[in-house]
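Please read it alongside the sequence and coordinates shown here.

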Amino acid sequence: SEKILNRSVDPATQKMLGRAEELDLETAWDRYEKMLPQCGFGELGLCCRICNMGPCRISPFEDTGPQKGICGATADIIVARNLIRMIAGGAAAHSDHGRDLAHTLLLTAQGKSGGYEIKDEIKLSALAREYRIETQGRSKEDIGLDLAESVYAEFGKQEGFVQFSRRAPKKRVELWKKAGIDPRGIDREIVEIMHRTHIGVDNDPVNLILQGLKTSIADGWGGSAIATEISDVLFGTPEPVRSMVNLGVLKHEHVNIIAHGHEPVLSEMIVAAAHDPKLVEQAKACGAAGINVVGMCCTGNEISMRHGIPIAGNFLQQELAVITGAVEAMIVDVQCIMPALGDLCECFHTKFISTSPKAKFPGAIHMEFNEEHAMEIAKEIVGTAVENYANRNKGKVFIPEDTTDCMVGFSAEAIVKALGGTLDPLLDAIKSGAIKGIAGVVGCNNVKIKHDEGHVELVKELIRNNVLVTTTGCNAIAVAKAGLMLPEASAQAGEGLRGVCQALGIPPVLHMGSCVDISRILTVCAAVANALGVDISDLPVAGAAPEWMSEKAVSIGSYVVSSGIFTVLGTVPQVLGSPLVTQILTKTANDVVGAAFAVETDPIKGAGLMIAHMDAKRKALGI
Ligand code: SF4
Ligand code: FE2
């Protein structure tokens with residue numbers, strides 16, 4: 001129906017939305033429609049609930065209604081406080097993810113973890129060198145222990161700087177110092193946001209936003225970078241591998257297990273446990289052909305990049321996966337997991353299994369995971385799924401056939417390898433104009449935008465204009481579903497980019513991982529800037545988050561801009577109630593960090609802004 005076609009461009013999603021209608025099941029889209037019209041004060045960021053004299057809301061019209069909160073806070077103050085509290089939430093989420101990886105490395109180096117090992121010794125040594133940890137003649141466990149203690153200490157550090165931020169060009173670090181936004185310990189900056197936004201503390205919108213940027217840098221170059229790098233040490237640095245995406249990766253004759261959420265600590269063990277011969281035998285004894293583990297959201301990105309495991313879908317497809325009636329277990333850890341899954345799973349045989357002490361859900365069975373007994377617990381969880389196969393009602397199964405092949409796993413290291421060992425071929429292609437520039441297109445899905453359309457249309461327009469696209473998160477999954485993550489997709493690229501892709505055998509869109517792996521994009525940008533002897537803000541690069549929704553995305557956008565990269569947002573942030581804050585984000589930021597945000601809900605126009613920005617940067621560089 002018209003309604004369904006307006007909700008998503010993805011054929012599998014359209015079919016499942018039809019199925020949901022048939023079964024009279026509610027999804028996020030239905031709940032969004034019931035929510036309309038959304039609160040006008042909230043949309044503009046003008047509602048304050050920070051103290052109990054409130055809630056206060058500021059009238060967007062100067063001549064009617066209150067212009068100040070009860071404490072005297074203006075629209076500018078309220079909007080700035082609300083915005084940087086979102087940054088605190090997002091930075092906390094990414095950084096806690098990083099902390100969990102540091103913890104897993106610590107336990108592994110101490111010989112206390114249940115099934116993990118240090119897999120990538122090259123990465124381990126490279127990181128150890130950054131921290132000036134002695135590597136000569138030492139065991140990987142000894143080096144790993146020192147590294148784990150060093151990265152663990154970044155979170156609670158009181159003074160000094162976050163080590164990985166020193167990958168940024170010198171000019172960038174100097175600029176951060178000058179602006180007072182070079183972060184100290186990661187947790188310290190997050191706490192300082194919470195302090196400053198308490199009633200009666202920081203009431204200068206500019207000063208508030210600077211603290212927001214500082215905290216976001218602690219996320220991108222700190223917490224997220226730690227999550228990425230330590231994941232590589234423990235599970236291996238991704239290399240190009242073939243995979244598949246979309247709901248059609250669920251199988252009729254197999255026990256289907258979806259690993260959904262964000263941290264690879266759990267999903268790596270689920271993948272390993274699913275290979276256990278006893279469990280496979282048990283699955284066969286239950287009448288299944290085998291065990292089929294697939295991923296969802298960033299967990300999907302993590303395990304597909306490292307093992308080629310298929311991805312069932314992105315954020316807005318999580319409910320639809322359950323509605324297939326073919327999922328024995330939806331296993332979740334943290335972040336972007338809809339609490340709606342509980343009620344929905346009750347309409348099917350699907351077991352909704354939560355695993356993190358930090359994230360419990362109504363209607364979920366809690367099987368708590370810990371690193372010490374990781375393998376044991378993972379087997380228990382997989383066993384629960386296998387047993388549940390007998391409860392599947394085959395009459396209720398509806399799996400859309402759609403799947404798309406893709407090539408994933410382009411870590412920074414893999415990109416250099418694909419280029420033949422140095423960045424030179426990439427630099428030459430940029431200088432010659434074969435590649436106009438590099439874009440990082442990332443972020444969530446959002447019911448406010450037709451599902452996947454923002455992602456796919458923006459990326460298609462970029463590659464048509466010879467922009468090499470790097471991607472992570474739900475954008476990566478959307479673009480993979482659209483078939484753009486295959487070497488053959490270079491046929492859709494402009495002539496220059498097509499030639500480069502064909503020569504190297506790479507897709508025009510490079511899958512760099514999960515949301516925390518945007519740190520990989522920063523690492524590549526830093527390496528390119530350093531090779532050219534310029535700052536990141538001088539490069540023909542741009543970012544976009546066409547369908548963003550989470551607080552994590554606010555932190556991401558902020559650290560990308562703070563790193564000197566112009567960024568286009570495809571959904572409107574809740575800041576328009578303050579012309580001052582809007583002005584800072586879209587204009588004044590240029591004077592402070594050499595980059596700013598733009599908001600453009602039309603993906604083609606959004607791509608146009610990015611391309612124009614790249615053209616201007618190329619001109620300034622004289623290329
Ligand atoms: Fe109202 Fe000020 Fe309290 Fe916010 S902090 S709720 S604006 S009195
Ligand atoms: Fe994510």
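In this predicted model, the C-alpha centres of domain 1 and domain 3 lie 26 Å apart. The domain assignment places domain 1 at residues 2–57 and domain 3 at residues 247–396, with domain 2 at 75–235 and domain 4 at 408–621.

**Contact between domain 1 and domain 3**

- Nine residues of domain 1 are in contact with eleven residues of domain 3.
- On the domain 1 side, helix H2 (residues 11–22) supplies the largest share, five residues.
- Sorted by class, that side of domain 1 consists of six nonpolar, two polar and one charged residues.

**Overall fold**

- The chain contains 25 helices and 16 strands.
- Its radius of gyration is 24 Å, close to the 25 Å that the globule rule gives for 623 residues, so the chain is as compact as a globular protein of that length.
- Along the principal axes, the C-alpha atoms fill a box of roughly 65 × 65 × 50 Å.
- Of the 623 residues in the chain, 58% are buried.
- Among contacts with a separation of 6 or more, 75% are between residues 24 or more positions apart.

**Nonpolar core**

- The largest nonpolar core comprises 208 residues, and those with the most contacts inside it are Ile 257, Ile 270, Met 330, Val 382 and Cys 525.
- Helix H5 (residues 75–109) provides the largest share of this core, 18 residues.
- Beyond residues up to four places away in sequence, Met 330 touches Ile 258, His 260, Val 322, Leu 341, Cys 345, Thr 350, Phe 352 and Ile 353.

**Strands E7 and E8**

- Strand E7 (residues 329–332) runs parallel to E8, and four bridges join the two.
- Within this pair, Ile 331 stands opposite Ile 353 in E8.
- Strand E8 (residues 351–354) is covered on both faces: Lys 351 and Ile 353 are buried on one side, and Phe 352 and Ser 354 are buried on the other.
- In general, side chains in a regular strand alternate between the two faces of the sheet.

- E11 pairs with strand E12 (residues 467–472) in the parallel sense over five bridges, and Ala 439 stands opposite Val 469 in E12.

- Helix H13 (residues 297–307) is mostly covered, with eleven of its eleven residues buried.
- The buried residues of H13 include the charged residues Glu 302 and Arg 306, together with Cys 297, Cys 298 and Ile 303.
- Gly 308 follows H13 and has a positive phi, near 70°.
- Ile 611 lies in helix H25 (residues 603–621) and counts as buried because 21 C-beta neighbours lie inside 10 Å, where the cut-off is 20 or more.
- Leaving aside neighbours within four places in sequence, Ile 611 is in contact with Lys 436, Asn 465 and Val 467.
- Ile 611 and Gly 505 are 106 residues apart in sequence, and their C-alpha atoms are 24 Å apart in space.

**Backbone features**

- Most residues other than glycine have a negative phi, and most peptide bonds are trans.
- The peptide bond from Leu 36 to Pro 37 is cis, with omega near -5°; Pro 37 lies in the loop between helix H3 (28–35) and helix H4 (40–44).
- Gly 54 and Pro 55 are also joined by a cis peptide bond, with omega about 5°; Pro 55 lies in the loop between strand E1 (47–48) and strand E2 (56–57).
- Arg 132 is not a glycine, yet has a positive phi of about 55°; this residue is found in the loop between helix H6 (121–130) and helix H7 (140–156).
- Arg 132 counts as exposed because it has 9 C-beta neighbours inside 10 Å, where the cut-off is 12 or fewer.
- Gln 335, another residue other than glycine, has a positive phi near 75° and is found in the loop between E7 and helix H15 (341–346).
- With 22 C-beta neighbours inside 10 Å, Gln 335 counts as buried.

Note on methods: Residues numbered from 1 in each chain as written. Chains lettered and ligands numbered in written order. Predicted model: local features only at pLDDT ≥ 70, side-chain atom pairs only at ≥ 80, totals over all residues. Domains from an automatic or database assignment. Contact = placed C-beta atoms within 7 Å. Core = buried A, V, L, I, M, F, W, Y, C linked by C-beta atoms within 7 Å. Rg over C-alpha atoms; globule rule 2.2 N^0.38 Å. Pairing = 2+ DSSP bridges.
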